[in-house]
Amino acid sequence: MTDTLPPLGALSAFALVAETGSLTAAARALNVTQPAISRRLRELEAALGVALVQRGANSLRLTEAGTRYAATLSEAFGLMRRATAELSAAPGPFRVRAYTTWARHWLIPRLARFRAAHPGREIEVVASTAPVDFGREAVDAAIRSGPSDTPPAPGAIRLQALHVAPFAARGKVGGSLLGSRVRPDDWARWCAATGNPPPATPPLLFESTTLAIQAAIEGLGAVICPPEFVEGDLRARRLRPLPGGAVAMEEHYWLLLPPGPVAPMARAFSAWLLTEAGA
């Protein structure tokens, strides 16, 4: 059978040009000259019979076909990097990327149970609100929120419905409405769902819901957040629920895994998360 795959060097050059948007940067990464990168691009286009880049006097951009091909190559090179890393006799930690507050208040308090069931493999939690790129980042699983009926990525696994409710410190009356910049509209959506008038003044927004919860504990006002994030604070009587209760946001938390075959550790983590979310 004839192998129709273009030379790996040409593929690597094009993938780097697509990633960096620069012939110079791609040449530096591969430790070759810029003309060598240009030559590899022309060889790849000739082999495929398709124009992948549009060249200007001082610019270079991908064609529509080049954009599609670059996305596929990014995924393919990501798979190769992960496969190479898995050949190591001592695998690194299983890296989970999640929102700061979800990780702090939901995931980390439960991780001891997962580690007890899977000893010998460390779990590393990375906090970020940015979209994950499995092709470029060393991440084994990611948690994202999104509409309940629209997965944020192909193959995403729906974990738990997202509800929000208001809470305030015991004995404290008044103060600001508190929230996070990640979810700036939660107060308005909660008011609309419960029949309350919309906020008279914009809520005071923090970088994360964790900070907004702490501000509420300190008596700065009332925070809007998922009830599971303040379970410990309610038990410790640092916070109290306010009238109105929890409102469904028509959103879910979703588990995202790298494309391709699911690794055994990822499969175990996924099953465990679904069990915890159901509980």
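**Burial, cysteines and helix packing in a predicted model**

Cysteine 225 is buried, with a relative accessible area of 1%. Buried denotes a relative accessible area under 20%, exposed over 50%, and partly exposed the range in between (1.4 Å probe, protein chains only). The structure is a predicted model, in which local features need pLDDT of at least 70, side-chain atom pairs count only at pLDDT 80 or more, and totals for chains, interfaces and linings use all residues. Residues are numbered from 1 along each chain as its sequence is written, and side-chain values use heavy atoms, with hydrogens and water left out.

Cysteine 191 is also buried, at a relative accessible area of 5%. Its sulfur lies 15 Å from the closest cysteine sulfur, that of cysteine 225, which is too far for a bond. Cysteine 225 is accordingly in no disulfide. The structure holds zero disulfides, a disulfide being a pair of cysteine sulfur atoms within 2.5 Å.

Cysteine 191 belongs to helix H7 (residues 186-194), where Asp186, Trp187 and Trp190 are buried as well. Seen down the axis of H7, the buried residues fall within an arc of 130°, so they line one face of the helix. The arc is taken over the directions from the helix axis to the C-beta atoms. Helices (H or I, at least four residues) and strands (E, at least two) are DSSP runs, numbered from the N terminus. The buried residues of H7 pack against strands S6 (157-168), S7 (176-180), S9 (221-225) and S11. Glycine 195 follows H7, and its phi is positive, near 80°.

Strand S11 spans residues 247-256 and contains histidine 252. Histidine 252 is buried, with a relative accessible area of 16%. Its side chain makes a polar contact with the side chain of serine 148, at 2.8 Å. A polar contact is a pair of N or O atoms within 3.5 Å; within protein, one must be able to donate a hydrogen and the other to accept it, and residues adjacent in sequence count only if both atoms are side-chain atoms. The backbone nitrogen of alanine 161 lies 3.4 Å from a polar atom of the histidine 252 side chain. Beyond four places in sequence, histidine 252 is in contact (heavy atoms within 4.5 Å) with residues including Arg144, Arg158 and Leu162.

Alanine 98 lies in strand S3 (residues 94-98). Alanine 98 is buried, with a relative accessible area of 0%. Neighbours within four places aside, its contacts are Ala103, Val126, Ala127, Ser128 and Ile143. The C-alpha atoms of alanine 98 and proline 241 are separated by 26 Å.
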